[in-house]
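Dear colleague,

Please find below the structure that I am handing over to you. My notes on it follow directly after.

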Amino acid sequence: MAPRPTPLNSAHKKLGGRLVDFAGWEMPVQYTNLIQEHEAVRKALGLFDVSHMGEIEFKGKGALEEANRLITNDLARAADGQALYAGLLNEKGGFVDDVVAYRFSPEHIFICVNASNAQKDFDWMFSNAKKVKPVNRSNDYAQIAVQGPKAAGVVQKLTKAALDKVGTYRFTTGQVADVDCIISRTGYTGEDGFELYCPPDKAERLWFALLEAGKGEGALPCGLGCRDSLRTEMKYALYGNDIDDVHTPLEANLAWIVKLDKADFIGKPVLDKQKAAGVTQKLVGFEMTESGIPRQHYPILKDGAKVGEVTSGTMGPSVKKAIGIGYVPTALSTIGSTFHVEIRGRPVGARVVKTPFYSHD
Amino acid sequence: MAEYPKDLKYTKDHEWAKKSGKVVVVGVTFHAQDALGSVVYVELPKVGAAVTAGQSFGVIESTKAVSELFAPVSGKVVKINDAVVGNPGLVNEDPYKAAWLIEVEPSNAGDYDKLLDVVAYEKVLAEAH
C-alpha cells in the first residue's frame, strides 16, 4: 500500500525533502543535512511536520474520568489548559502507547497519540471506554512542531495570543498566521517550542508563514532524522524502540508519569505489585567508552553473557558522543555501571551515565 | 565537480576504485554518501589485512544507518586513511579525494578490469530509481 501523504506533502516536495515511508505515511527524513537540521533546532529553530500523529477526543460529562481510567498520569490533578505526558497501558502493565493528554476542561479531553499506533489506540480506548466513547479526530488535524530557543519569538510574531503566559506543557487556542490553532508548549526535542494543531487545509499556509517569519533567525525545515537524534539526546522514549507492550513504565524509568495513588487505571494492579517487589530491569542511558556506535537490537553483555538489548542508539550531534538507551538488569542500572555492547560480534565498552545526555549550559 | 568522475571504476555497491601505480585506492561514491546522510563513523581494516572482492572490508555509519563497505578488488591493505576515521564527515565533503578509505595491493589484476565504468555505474543508479 502506498504511504499516505500528510497535508504538507507538497510543501515537502517544494522544499526538496527526502521522503520515506514512516508508519504508513510519506514523511521527510531530511531536507538537506541531518546535522545542520539538528543544530538549527538546538541553536535557532526548526519546523517539523508531525501531521501523521493521531488525535483522539473525549467530550461530554464524565470525559475526564473516562480518559483518566485509561492513562497512568492524573488529569484530575491537572489544570484546564494543561497537558500531561502519560502511558496508555494494557492489563499487563505494558504500553499500548505513550500519549500527551490535553485537559481543555473536565468535559473535554484531547489526546495526541503516535502515528504508528493511532488506530490501535483508538480501538483500545473505544472498547475500554464505559460511558463516554472517544472520537477519532486524526483526519481533522495537521500538526506542525516549531522547536528551538527562537521558536517562541517567531511564533509570537504571527499571533496575538500571549505566549509568555503559556508555560511548558500548557496550551491555549488562537490564530497563528490567521489559522485557527491549538497552541501547545510541548515538543520532542528538549528545546522550548510549540506544537500547533491546525485544520489540514490551512497547514501549508501556516508552514510557509512560520518558515518566512523564522528566516532571519535561522529557521530550517527539519525531517524525522534529526527528530530522532534530538529526542535520543534527551532520552525521550520512542514507542517501538524504548517502550513497547511488554515493558512497564516503571521498567522504562517513567515512574513520574504513573500516579499509583489515583483511582484505578488499566494496568495499575501490575504496577502496584511491581513497585512493591521492585523491578528486575531498567531502561538506562549509556555512552560508549570505546569506539563504536550502539544501534537498536545490539546485545548488551556483562562478563560475556547477554543481559539486555540496546533499544536506541546514535552518534549524538550535540553531545558529540556515541550514546545509547537500553534495558539492563537493575544491578547494572546505576550511574557509572559498566558493560559491553556487542557491535558486529565485538564487545565494546559502555558506561551508564546521567540523562538527558544533552543539557543547555 | 562531476558527481561521478570518468577516471574511476565503480561497484554496484557504490564504492569507487582508482588505480594508482601498484595500488588501487578505494572510497565510496557521491551517491553512497548522499544516501547515507551525515557520516559519523568509519571502521576500516588494519594495514596488512586481506580483503576479498565483493566481500565486506569495513563499515560506514551515518547518524541514522549502518552500511557495509565492499572491496572492489582482492588483495592486501597497504594503507588506510586515518584522517577519515578521525573526521568521518569528510566522506560527505569530499568523497573522491580527502575521503579515500584504503589502498589495496591487488592479488588479482583481473578484478580491476571487471569493475563498472562510469557509464555502467550511472546506469545502475538510474535503474535503482
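Leaving aside neighbours within four places in sequence, Arg42(A) is in contact with Glu191(A) and Ser318(A). Please bear in mind that the model is a predicted one. Arg42(A) belongs to helix α2 of chain A, and it counts as buried because 21 C-beta neighbours lie inside 10 Å, where 20 or more are required. Lys150(A) is 108 residues away from Arg42(A) along the chain, yet the C-alpha atoms of the two are separated by 9.4 Å.

α2(A) is mostly covered, with seven of its ten residues buried. Besides Arg42(A), the buried residues of α2(A) are Leu34(A), Ile35(A), Glu37(A), His38(A), Ala40(A) and Val41(A). Their cover includes the strands β3 (25-30), β4 (46-49), β10 (142-147) and β14 (220-222) of chain A, together with helix α7 of that chain.

Helix α2 (residues 34-43) of chain A meets helix α7 (residues 224-233) of chain A at an angle of about 55°, and their axes are 9 Å apart. α2(A) and α7(A) are therefore oblique to each other, and their crossing is right-handed. On the α2(A) side the contact is made by Leu34(A), Glu37(A), His38(A) and Val41(A), and on the α7(A) side by Gly225(A), Cys226(A), Ser229(A) and Leu230(A). By class, four residues in this contact are nonpolar, three are polar and one is charged.

In soluble globular proteins, nonpolar side chains tend to be buried together. Not counting residues up to four places away in sequence, Val146(A) touches Leu45(A), Leu47(A), Ala151(A), Val154(A), Val155(A), Gly193(A), Phe194(A), Leu196(A) and Leu210(A).

Finally, there is the interface between the chains. Twelve residues of chain A are in contact with nine residues of chain B. Within chain B, β4 (39-43) and β6 (56-62) each supply at least two residues of the side that touches chain A. That side of chain B comprises four nonpolar, three polar and two charged residues.

With kind regards

Notes
Residues numbered from 1 in each chain as written. Chains lettered and ligands numbered in written order. Predicted model: local features only at pLDDT ≥ 70, side-chain atom pairs only at ≥ 80, totals over all residues. Contact = placed C-beta atoms within 7 Å. Helix = DSSP H or I, 4+ residues; strand = E, 2+ residues; numbered from the N terminus. Nonpolar A, V, L, I, M, F, W, Y, C, P; charged D, E, K, R; others polar. Axes fitted to C-alpha atoms, helices over the stretch in contact; angles between N-to-C directions. Parallel < 35°, antiparallel > 145°, perpendicular 65-115°, else oblique. Left-handed = near helix turned anticlockwise from the far one by under 90°. Buried ≥ 20, exposed ≤ 12 C-beta atoms within 10 Å, placed from the backbone.
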